[in-house]
Amino acid sequence: MRKIVPDPPNTSHSLEDTLIQATDHVLCAQAVAHQAILLQPKSPASILVMATMHQLEALQALLEAALAQMQPQAQH
């Protein structure tokens with residue numbers, strides 16, 4: 001018999017897994033924002049999209065720095 005409601009996703013991720021997953025989401029959001037600029041470069045909202053892209057780049061840098069800080073811990 002098939003279950004109608006699926007089990008919730010497994011949320012017992014390590015901090016490193018969570019940071020990697022967050023980085024993947026940032027990359028997807030950057031791709032969407034980049035595509036929005038390409039489709040509507042003269043839109044009044046393009047300034048907001050570019051500001052969003054800037055913030056996503058800053059977030060990506062922070063996530064990568066956090067991941068780099070985790071690397072020495074994993075080697076001990």
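Author: Contact here means heavy atoms within 4.5 Å. This is a predicted model, in which local features need pLDDT of at least 70 and side-chain atom pairs count only at pLDDT 80 or more, while totals for chains, interfaces and linings use all residues. Residues are numbered from 1 along each chain as its sequence is written, and side-chain values use heavy atoms, with hydrogens and water left out.

Helices are DSSP runs of H or I with at least four residues, numbered from the N terminus. Setting aside neighbours within four places in sequence, Ser-46 has contacts with Ile-37, Gln-40 and Pro-41. Ser-46 counts as buried because its relative accessibility is 10%; buried means under 20% relative accessible area, exposed over 50%, and partly exposed in between, with a 1.4 Å probe and protein chains only.

Lys-42 sits in the loop between α1 (15-39) and α2. With a relative accessible area of 80%, Lys-42 is exposed. From Lys-42 to Ile-4 there are 38 residues in sequence and 47 Å in space, C-alpha to C-alpha.

Further along, Leu-67 is also placed in helix α2. Its relative accessibility is 15%, so Leu-67 counts as buried. Apart from neighbours within four places in sequence, Leu-67 is in contact with Glu-16, Leu-19, Ile-20 and Thr-23. Leu-27 is 40 residues from Leu-67 along the chain, and their C-alpha atoms are separated by 15 Å.

Key: Helices (H or I, at least four residues) and strands (E, at least two) are DSSP runs, numbered from the N terminus.
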